[in-house]
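The following exercises are to be worked through with the sequence and the 3D structure at hand. Each task is followed by a solution in steps.

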Amino acid sequence: MRIGLGYDLHRLVTGRKLMIGGVEIPFERGLLGHSDADVLAHAVADALLGGIGLPDIGQLFPDTDPLWKDASGETILRRVTQLTREAGWAVSNLDAVLIAEQPKLVPHKPAIRARLAELLGVGPEHVNLKAKTAEGIGVIGAGEAIAAHVVVLLKRTD
Ligand code: MG
């Protein structure tokens with residue numbers, strides 16, 4: 001077995017869609033960054049890459065490369081899932097923590113969990129998701145950013 005850890009943070013700004021784990025969340029602001037700035041998809045992709053011993057998404061999918069310039073979090077995660085499979089690893093389980101002061105993410109947890117499981121090609125019972133606030137502290141607590149922490153356990157497929 002192998003373990004991988006991923007982390008990401010993006011700033012919340014007006015005039016952007018809010019994408020989390022491949023799900024569009026209704027909110028008056030969205031995350032700023034590379035393509036859709038899907039903070040959870042990015043953290044999951046980095047966790048998988050860490051587990052299989054590859055560089056992070058910033059190195060593998062640079063936004064300076066025309067091929068990846070506008071790649072959504074979902075596209076990157078699908079590619080990383082494929083790389084994981086090709087390397088002979090499968091997701092045993094994945095656990096994620098989302099930290100956001102707003103919007104409240106708890107009502108969206110089932111949809112995000114189902115979408116992530118679909119993108120990873122596993123059943124939803126292999127994916128767990130927690131949503132927390134930052135208790136009003138720091139940039140996340142001020143509602144200026146959303147962060148995601150992800151840990152994934154991988155098992156050999158051969
Ligand atoms: Mg990111």
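**Exercise 1.** In this predicted model, determine how helix α1 and helix α4 are arranged, and which residues meet.

*Solution.* Begin with the axes: those of α1 (residues 39–52) and α4 (residues 109–120) come within 12 Å and cross at roughly 40°. Next, consider the handedness: the crossing of α1 past α4 is right-handed. Finally, list the residues: L40, V44 and L48 of α1 meet I112, L116 and L120 of α4. The residues of this contact comprise 6 nonpolar, no polar and no charged.

**Exercise 2.** Identify the residues that coordinate the magnesium ion, and decide whether D8 and H10 are buried or exposed.

*Solution.* The donors are supplied by D8 (OD), H10 (NE2) and H42 (ND1), at 2.1 to 2.3 Å. Along the chain, they follow the spacing D-x1-H-x31-H. For the second part, apply the cut-off for buried residues, which is under 20% relative accessible area. D8 has a relative accessibility of 16% and therefore counts as buried. H10, with a relative accessible area of 12%, is likewise buried.

**Exercise 3.** Describe the surroundings of G4.

*Solution.* First, locate the residue: G4 lies in strand β1 (residues 2–14). Its relative accessible area is 2%, so G4 is buried. Then look beyond the neighbours within four places in sequence: G4 is in contact with A47, G50, G51, V150, V151 and V152. Lastly, consider L153, which is 149 residues from G4 along the chain; the two C-alpha atoms are separated by 6.5 Å.

Methods. Residues numbered from 1 in each chain as written. Predicted model: local features only at pLDDT ≥ 70, side-chain atom pairs only at ≥ 80, totals over all residues. Heavy atoms only, no water. Axes fitted to C-alpha atoms, helices over the stretch in contact; angles between N-to-C directions. Helix = DSSP H or I, 4+ residues; strand = E, 2+ residues; numbered from the N terminus. Left-handed = near helix turned anticlockwise from the far one by under 90°. Contact = heavy atoms within 4.5 Å. Nonpolar A, V, L, I, M, F, W, Y, C, P; charged D, E, K, R; others polar. Donors = N, O, S within 2.8 Å, 3.2 Å for Na, K, Ca; no water. Buried < 20%, exposed > 50% of the residue type's maximum accessible area, 1.4 Å probe, protein only.
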